[in-house]
Amino acid sequence: MSSEHPADRPDDAGREVGVGPWKGPWPVDDAGELPAHLDPALLEQGDRRNVTDEFRYWRQEAVIAELDTRRHPLHVAVENWGHDFNIGSVIRTANAFNVAAFHIVGRRRWNRRGAMVTDRYQHEFHHADAEELAAWAAAAPRRDGGTGLPLIGIDNLPGSVALEGFAMPGECVMVFGQEGPGLTPEVQARCQAVLHIEQFGSTRSINAGAAAAIAMHAWVRQHVHGLPS
């Protein structure tokens with residue numbers, strides 16, 4: 001499987017990413033066959049995809065299957081009412097932290113450019129509106145055998161609680177609004193809590209993609225590394 005996406009070609013500085021064609025005899029399994037997780041086209045042509053070295057030359061389906069064995073019980077939802085480039089940045093970060101899935105709320109089509117192809121390795125859900133997202137979350141299975149994932153909004157709204165020091169649920173759906181308008185009132189009303197990131201400068205808000213990275217990392221610190229946020 002090869003790709004023609006810009007993210008798979010040399011970067012803006014002209015540096016080639018990834019690796020070239022496999023050098024030497026191809027790997028074989030105990031039966032003398034090419035291991036099922038490897039892609040012969042990538043071995044032959046090289047692998048310039050936006051993946052870690054662990055997954056070089058792997059088939060896309062094999063990468064997804066391996067990630068599925070270690071995904072975190074955190075979901076990420078983004079409202080999509082315009083063609084916001086920042087949605088892609090949020091989805092790329094969701095891949096970096098290997099969340100269970102990402103959810104698009106609103107328009108089904110979203111600006112994938114900022115995702116840098118990382119959406120291919122994740123599970124995607126679409127919900128027409130906040131009510132549909134909330135219904136999905138209420139029925140979603142938990143790892144303890146129960147059902148129901150709380151919605152945790154991220155926005156610097158009046159009445160929101162500081163992310164720093166907040167004990168986030170171990171299993172939840174973290175919800176982000178669009179750049180500019182932020183979370184809609186419909187989503188706010190369905191969130192168990194809305195958290196803001198402490199700021200100390202003059203700007204009203206930070207970039208939505210940056211806010212998503214901070215919030216997801218705070219969850220990782222609490223539930224993966226056991227550190228206070």
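Biologist: Why is the contact between Glu 54 and Arg 70 called a salt bridge?

Modeller: The closest N and O atoms of Glu 54 and Arg 70 are 3.0 Å apart. A salt bridge is a side-chain nitrogen of Lys or Arg within 4 Å of a carboxyl oxygen of Asp or Glu, so a separation of 3.0 Å qualifies. Glu 54 lies in the loop between helix H1 (40-45) and helix H2 (60-68), and Arg 70 in the loop between H2 and strand S1 (72-80), so the pair ties together parts 16 residues apart in sequence. The structure is a predicted model, in which local features need pLDDT of at least 70 and side-chain atom pairs count only at pLDDT 80 or more, while totals for chains, interfaces and linings use all residues. Residues are numbered from 1 along each chain as its sequence is written, and side-chain values use heavy atoms, with hydrogens and water left out.

Biologist: Why are Glu 54 and Arg 70 called partly exposed?

Modeller: The relative accessible area is 42% for Glu 54 and 35% for Arg 70. Buried means under 20%, exposed over 50%, and partly exposed in between (1.4 Å probe, protein chains only). Both values lie in between, so both residues are partly exposed.

Biologist: What makes Asp 47, Arg 49, Asp 53 and Arg 56 a network?

Modeller: These four residues are linked by salt bridges. Arg 56 takes part in a salt bridge with Asp 47, where the closest N and O atoms are 3.7 Å apart, and in another with Asp 53, at 3.8 Å. The whole structure holds 9 salt bridges.

Biologist: Why are strands S4 and S7 said to pair?

Modeller: Two strands pair if DSSP finds at least two bridges between them. S4 (residues 151-154) and S7 (residues 193-196) are joined by 3 bridges in the parallel sense, so they pair. Ile 152 has Ala 193 as its bridge partner in S7. S4 is also joined to S6 (residues 172-176) by 4 parallel bridges, with Ile 152 opposite Met 174.

Biologist: What makes S3 and S5 edge strands?

Modeller: The 7 strands form an open sheet in the order S3-S2-S1-S6-S4-S7-S5, with parallel pairing. Strand S3 (124-127) and strand S5 (161-162) each have a single partner strand, so one side of each is left without a neighbour in the sheet. S5 pairs with S7 over 2 parallel bridges, and Val 161 stands opposite Leu 195.

Biologist: Which way do the residues of S4 point?

Modeller: Leu 151 and Gly 153 point one way, Ile 152 and Ile 154 point the other way, and all are buried. In a regular strand the side chains alternate between the two faces of the sheet.

Biologist: What makes the phi angles of Tyr 57 and Asn 98 worth noting?

Modeller: Most residues other than glycine have a negative phi. Tyr 57, however, has a positive phi of about 75°, and Asn 98 has one of about 50°. Tyr 57 lies in the loop between H1 and H2 and is buried, at 10%. Asn 98 is in the loop between helix H3 (86-96) and strand S2 (99-106), and at 9% it is buried.
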